[in-house]
Amino acid sequence: MKNVRVHLGERSYTIRIGADALGDIGKVCQRHFRGARAIVVTDTNVAPLYAGKTLASLTAAGVQASLFRIPAGEASKSMRQLSRILDKMASLRLDRGCGAVALGGGVVGDITGFAAAVFLRGVPYVQAPTTLLAQVDSAVGGKTAIDHRLGKNLVGAFHQPIAVVSDTSSLKTLPEREFRAGLAEVVKHAAIADPRLFSFLEKNEALILERDEGVMGRIVASNCRIKARVVEHDEREAGLRQILNFGHTLGHAVEALAGYSSELLHGEAIAVGMSAAGRISCAMGRCAPGDVERLTALLDRFGLPTNMEEPPGLAVLKRLLASDKKTRRGSPRFVLMRRIGEVEPGIEVSPRLWRGALAG
């Protein structure tokens, strides 16, 4: 078992990483939920796999838990599903000594965290991520949200979990496409902050795609350390934390074009967005072509898309980016590469570069 500590004063917490970590989630919740009651929010894909194990651990630790399922998929990050969760929390008469457990991927983690942030003006919650993308990124850092028809994650709050329990054995049950999509965020962290991790990914492609337990445990822990370090310096995305948005400006636009559907997973959209950001960086003279080639080659080896065959017109891109959270005074801001392991946030980019960068 590996532990990574996120140091945020009174909001500090520990990320527990290891095979069969879910077996200890009851003990974790017992320490933090004084009221010994909890709601476990999961989705229809994860419930048959891990709900029983989670509930058994909670029961054994003396925590009375109720299971609540939402439909699997990005469409569940909605006001309707949020309202359903809040209705259930109210009907259970949870108080501030009780809590929530987010059992699943990024969608479940985001909406459960947001529900915990707004119910009774804030109740504690535990992240129990079961996907690679959630374990290395979305479950850490306290960003919670739902989507709005005008854009992704437009309605949300910063609300740190009290603990993160990452059971790496759950990666074995991920569909191949979901696993590869999670690797996009792994590549992102290496590209923005850790050239040694980037080299490790290049050299260990086969073991990674085989989901080797030792390699994946190391990768999840390395990514959590990067994310923790950034969040500790900038909890509310006022400065440094913006580097975590590498690939997300155009990536979110690409995702919106697909209608947040299974046609394009979040990680796949971010892979396209990172590749485009790399090309823009090169076109603006901010990084060497070789660094962009390494980035796109690694994404390609992991089976991720690096361009769009038919990018939308400039007018469509402008409309999509106008509602992006990173837009300032009507102009979207990009995170651009300097080299592998170093990026610069908050850069304004000429619209004439957007479409070409997406095309590759």
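**Fold, helix packing and selected residues of the predicted model**

Arg339 has a relative accessibility of 44% and therefore counts as partly exposed (buried means under 20% relative accessible area, exposed over 50%, partly exposed in between, with a 1.4 Å probe and protein chains only). The structure is a predicted model, in which local features need pLDDT of at least 70, side-chain atom pairs count only at pLDDT 80 or more, and totals for chains, interfaces and linings use all residues. Residues are numbered from 1 along each chain as its sequence is written, and side-chain values use heavy atoms, with hydrogens and water left out.

Arg339 belongs to strand S11 (residues 331-339). Helices (H or I, at least four residues) and strands (E, at least two) are DSSP runs, numbered from the N terminus. Beyond four places in sequence, Arg339 touches Ala191, Cys287 and Asp291; contact means heavy atoms within 4.5 Å. Asp291 is 48 residues from Arg339 in sequence. In space, the C-alpha atoms of Arg339 and Asp291 are 6.1 Å apart.

The protein chain contains 14 helices and 12 strands. The C-alpha trace spans about 60 × 40 × 35 Å along its principal axes. Of the 360 residues, 58% are buried. The accessible surface comes to about 14500 Å² (Shrake-Rupley method, 1.4 Å probe; for residues, only the protein chains shown count as cover). Carbon and sulfur atoms account for 49% of that surface. Among contacts between residues at least 6 apart in sequence, 77% join residues at least 24 apart.

Two helix pairs were examined. Two packed helices are described by the angle between their axes and the distance between the axes. Axes are lines fitted to C-alpha atoms, for helices over the stretch in contact, and angles run from 0 to 180 degrees between N-to-C directions. Helix H6 (residues 176-193) packs on helix H7 (residues 195-203) at an angle of about 140 degrees. Their axes are 6 Å apart. H6 and H7 are therefore oblique to each other. Angles under 35 degrees count as roughly parallel, over 145 as roughly antiparallel, 65 to 115 as roughly perpendicular and the rest as oblique. H6 contributes Val186, Val187, Ala190, Ala191 and Ala193 to the contact. H7 contributes Pro195, Leu197, Phe198 and Leu201. By class, this contact of H6 with H7 holds 9 nonpolar, no polar and no charged residues. Ala, Val, Leu, Ile, Met, Phe, Trp, Tyr, Cys and Pro count as nonpolar, Asp, Glu, Lys and Arg as charged, and the others, Gly among them, as polar.

Helix H10 (residues 248-257) and helix H13 (residues 314-322) cross at roughly 105 degrees, and their axes come within 9 Å. That makes H10 roughly perpendicular to H13. From H10, Thr249, Leu250, Ala253, Ala256 and Leu257 meet Val316, Leu317, Leu320 and Leu321 of H13. The contact of H10 with H13 comprises 8 nonpolar residues, 1 polar and no charged.

Two further residues lie in helices. Asp137 sits in helix H5 (residues 132-138). Its relative accessibility is 9%, so Asp137 counts as buried. Neighbours within four places aside, Asp137 is in contact with Glu185, Lys188, His189 and Lys227. Ser57 lies in helix H2 (residues 47-60). Ser57 is also buried, at 11% relative accessible area. Residues up to four places away excluded, Ser57 touches Leu22, Gly23, Asp24, Ile25 and Gly26.
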